[in-house]
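Subject: Structure handover

Hello,

Here is the structure for your files. My notes on it follow below.

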Amino acid sequence: MSADSPLMKEPDATAGPATAGGELIRLEEVTKRFGTNTVLDRLDFSVDAGKHVTLIGPSGSGKTTILRLLMTLTKPDEGTITVDGEPLFPAPEKQVREVRKKIGMVFQQFNLFPNMSVLRNLTEAPVQVLGMSKDEAEARARELLELVGLADKCDARPTMLSGGQQQRVAIARALAMRPRVLLLDEVTSALDPELVAGVLDLLRDIARSTDITMLCVTHEMNFARDISDQVLMFDSGRVIESGPPEQIFGDPEQERTREFLSAVL
Amino acid sequence: MNWDWNAVGDFMPDLWHGLLVTLQALALGSLLSFSLGLLWTLLMRAPSRWVRWPVGVVTEFVRNTPLLVQLFFLFYVLPEWGVTFSALSTGVFAIGLHYSTYTMQVYRAGIEAVPVGQWEAATALNLPRRRTWTAVILPQAIRRVIPALGNYVISMLKDTPLLMVITVLEMLGRARLFSQEHFQFTEPLTVIGVAFILISYLASLLLRALERRLVR
């Protein structure tokens, strides 16, 4: 796998990856149904490396499903998905495992492992999947915990932390795998209002200081406006409008987009 | 009816021998039922139905036939096929196997109670399947099921007297032997009754301590 090398880069390294600006993610003609309900309808879209793309739209419009397809938590019924030129679907399991190394995800409900310390949440996968030594993984985990402002919580159990702290650990855990793509699935929706800002600030920092490609499903429109290079408006499983945030938020073309934005802003 | 403390004293050495056998059967039977039960649960989740189907049939069969019948079968029929074990080993195996068909259901419930988000996080981190089981799912599942497993330990304890029918001299066997020799029934039977209560109580204390240590 020649494409492994960018993985080994520090997330805060400033040098661009070999494929900077090139296409990193491509979905072609992707259809996903749950029963008789078509969630995604022959969807085409692509994301360039290093870009921050936000998916907005009413609930049930298929935004989260796209993230879950990319993380291989669910499979499309039709279509193809490629990441960095390599097929993710359809693809044999071995290939999926390789491609999946490039992708990290942060969940709405954090999904930290409650049976492990905070530190071990961050070291488990680097040791088991990337073959890092325990010492190296721990040193990196401590750096990342410092980055997210939780250096003093190494030995705590996740359940002892507040929601905001748990989500910051979850972000650090995803970064510990040095992904090229970070999928953020409504990461502040489960948080108490006063904890949202801390998590969003952290994500802004990461967006600014790294070249990680971000795909974000969010209801925080200010955050979306702030970090996005591109905003995609979803409705009924299709992208009905896309463009830079100034355009989507300032002067949307579609009546449906206008309706949605006036309802959430 | 007269209570004879001397008979109690005379019975003590016999009780001690019986007690050791009962505890051995209980400890080994529990271990076997815990490990076999886990094995069945995992096999029942195998992708191939050529694995799931036989395991399902066998465990269903074992669960729905009496332990007593299984004991007789293993002790008297297996030797005809050239398979012989000591009476105690046969007893431990029968109890362990029988109860494994119950513990497998406990494990299954425990595994299903682990939130789906844990599996998804493991996938997102690309953890190998095996590691997901051993490091993420099972530690959480087993913590949840310790109280239920504990109930089966008590249940197994109460089934150990069945081993008497295959010549294992556990507490009841010792009490019966003593009664037949001394024509005193009240004292040995009362003593082993009390012993059963004490073992149950100690076992439940032990399990509660284990639960406190593991469930955090």
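Two strands are taken as paired if DSSP finds at least two bridges between them. Helices (H or I, at least four residues) and strands (E, at least two) are DSSP runs, numbered from the N terminus.

This is a predicted model, in which local features need pLDDT of at least 70 and side-chain atom pairs count only at pLDDT 80 or more, while totals for chains, interfaces and linings use all residues. Residues are numbered from 1 along each chain as its sequence is written, and chains are lettered from A and ligands numbered from 1 in the order in which they are written.

Strand S8 of chain A (residues 213-217) has two parallel partners. Strand S3(A), residues 52-56, pairs with S8(A) over 4 bridges in the parallel sense, with His52(A) opposite Met214(A). Strand S7(A), residues 181-185, pairs with S8(A) over 5 bridges, also parallel; here Leu184(A) has Cys216(A) as its bridge partner.

S8(A) is largely enclosed by the rest of the structure, because 5 of its 5 residues are buried (20 or more other C-beta atoms within 10 Å of the residue's own, with C-beta atoms placed from the backbone). Thr213(A), Leu215(A) and Val217(A) lie on one side, Met214(A) and Cys216(A) on the other, so that both faces are covered.

On the interface: 20 residues of chain A are in contact with 16 residues of chain B (C-beta atoms, placed from the backbone, within 7 Å). On the chain A side, H2 (93-100), S6 (103-106) and H3 (118-128) each supply at least two residues, and H3(A) gives the largest share, 3 residues.

Regards

Definitions and conventions:
Contact = placed C-beta atoms within 7 Å. Buried ≥ 20, exposed ≤ 12 C-beta atoms within 10 Å, placed from the backbone.
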